[in-house]
Amino acid sequence: MQKKYIALAVAALASGTAFAQSSVVFGGIVDMGYSYKSSHTDSAVSARSAIDQGGQDGSRLFWTATEDLGNGLSVSAKQEIRIAADYRGSVGIDSSVLTLAGKSWGAIRAGNYGSVSDDINGFSETGMGWGNGVFDMISNGTNYNVVGYVSPNMGGFQAKVNYATNDKNADDAPGNSNLNIRAYGVNGTYVANGLKLGASYQKRAAATGAQSVSLDTVSQEGYKQVEWMLSGGYTFGQFSVGAGYDREKNYTAASVYGADYTRTAWRVNGGFAITPNDQVSLSYMRLKYKGDDLVGKANGFGASYSHMLSKRTNVYASYGKVDQNDDTAGYVGYESMFKVGMRHQF
């Protein structure tokens with residue numbers, strides 16, 4: 001992605017004080033195309049044909065400011081803004097993070113940004129859109145208000161630790177279902193020589209003595225969610241393969257699956273570069289919910305094609321189809337979807 005740099009201060013002197021060099025990077029993505037969706041799990045919903053955004057990636061804007069503090073230290077601030085390119089006036093902050101980094105000891109981050117599972121989810125991807133899987137591997141929100149540590153890269157290995165004193169968007173408003181939800185997570189990754197491997201563990205739970213705030217129909221007290229993920233991929237020549245597994249256990253959470261339930265999801269992906277600018281990808285994925293009252297199962301496949309018009313612009317097409325044992329198997333939405341569009345990165 002091409003990035004535009006703006007120098008804010010370059011070795012300036014004021015009253016005998018030297019200011020460190022800083023820079024700001026602006027960038028973004030705009031993704032627009034046509035989609036046709038049919039066979040909704042709700043029989044009252046008809047097929048939908050529309051010009052939509054986000055067929056491959058959600059449209060967004062971002063900026064990053066970096067300053068060299070000297071002695072191997074640097075500080076950076078990044079903010080990402082989601083935009084709905086097909087809907088006027090729909091803008092929202094997606095993530096915001098402030099980082100203090102050292103060359104020898106790693107980095108400390110604070111803000112609202114992706115979870116440790118979200119960090120490795122893409123390791124098993126080989127294509128785009130439904131070419132990576134017709135379901136989301138992660139069912140819960142991926143951003144938290146956290147402080148975290150990132151280790152130095154040690155021969156391809158890196159570790160991250162996150163801790164959140166409040167779930168994302170938590171505030172002091174009465175009835176806020178995210179109030180007093182704590183979260184922590186850890187992951188380890190290895191990336192080298194075309195190989196990407198990652199493992200993560202995270203837990204969300206109500207703090208001790210948390211007030212009784214409704215989570216669906218269940219008191220927040222006693223709420224707990226535990227998730228772990230394995231994800232990996234390998235590229236060799238023109239071929240790429242990937243596989244991922246995610247298991248999430250929910251305790252004292254209201255659902256059609258009973259008070260407690262387990263969600264598992266796995267996928268396998270394969271891709272082939274026909275030319276340096278053309279890639280085709282296939283995926284197969286299974287999803288299972290198991291609770292006290294019901295076992296729900298769903299599976300699906302996806303296919304995608306992408307052609308690079310330049311380093312920053314590509315056109316794409318994708319198709320996906322979902323099958324499930326009933327409409328409560330964990331997937332709600334259209335069961336067949338075709339998309340074609342163009343994505344530009346700047």
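**Close-up 1. The pairing of Thr-313 with its partner in strand S22.** In this predicted model, Thr-313 has His-344 as its bridge partner in S22, where helices (H or I, at least four residues) and strands (E, at least two) are DSSP runs numbered from the N terminus. Thr-313 itself belongs to strand S21, and S21 is joined by 9 bridges to strand S22 (residues 334-345), the two running antiparallel; strands are said to pair if DSSP finds at least two bridges between them. At 13% relative accessibility Thr-313 counts as buried, a word that means under 20% relative accessible area, while exposed means over 50% and partly exposed lies in between (1.4 Å probe, protein chains only). Leaving aside neighbours within four places in sequence, Thr-313 is in contact (heavy atoms within 4.5 Å) with His-307, Met-308, Met-342, Arg-343 and His-344.

The model is a prediction in which local features need pLDDT of at least 70 and side-chain atom pairs count only at pLDDT 80 or more, whereas totals for chains, interfaces and linings use all residues. Residues are numbered from 1 along each chain as its sequence is written, and side-chain values use heavy atoms, with hydrogens and water left out.

**Close-up 2. The hairpin of strands S20 and S21.** Strand S20 (residues 295-308) is joined to strand S21 (residues 313-324) by 11 bridges, and the two strands run antiparallel. The hairpin that leads from S20 to S21 passes through 4 residues. Within this pairing, Ala-298 has Gln-324 of S21 as its bridge partner.

**Close-up 3. The largest nonpolar core.** A nonpolar core is a set of buried Ala, Val, Leu, Ile, Met, Phe, Trp, Tyr and Cys residues joined through side-chain atoms within 4.5 Å, and the largest one here has 14 residues, with the most contacts inside it made by Phe-135, Met-137, Met-229, Ala-265, Met-285 and Leu-287. Strand S18 (261-275) and strand S19 (278-291) are the elements that give two or more residues to this core, and the largest share, 3 residues, comes from S19. Apart from it lies another core, of 5 residues, among them Val-97, Val-146, Ala-164 and Ala-183. In soluble globular proteins, nonpolar side chains tend to be buried together.

Close-up 4. Not counting residues up to four places away in sequence, Met-285 touches several residues, including Phe-135, Met-137, Ala-265, Trp-266 and Ala-298. Leu-287 has its place in strand S19 and is buried, with a relative accessible area of 4%. Although Leu-287 and Arg-263 are 24 residues apart in sequence, their C-alpha atoms are 7.4 Å apart in space.

Close-up 5. Because Trp-228 lies in strand S16 (residues 224-236) and Tyr-245 in strand S17 (residues 239-251), the pair ties together parts that are 17 residues apart in sequence. Trp-228 counts as partly exposed at 32% relative accessibility, and Tyr-245 also counts as partly exposed, at 27%. Elsewhere, ring pairs link Tyr-234, Phe-236, Phe-239 and Phe-272 into a cluster.

**Close-up 6. A charge over a ring.** The charged end of Lys-78 sits over the ring of Phe-62, at 5.1 Å from the ring's centre; such an arrangement requires NZ of Lys or CZ of Arg to be within 6 Å of the ring centre and within 35 degrees of the ring normal.

**Close-up 7. Two residues with positive phi.** Ser-39, which is not a glycine, has a positive phi of about 60 degrees; Ser-39 lies in strand S4 (residues 22-40) and counts as partly exposed at 43% relative accessibility. Asn-71, again a residue other than glycine, has a positive phi near 55 degrees. This Asn-71 is found in the loop between strand S6 (60-70) and strand S7 (73-83), and at 83% relative accessibility Asn-71 counts as exposed.

Terms used: Phe/Tyr/Trp six-rings, centres within 6.5 Å; stacked < 30°, edge-to-face > 60°.
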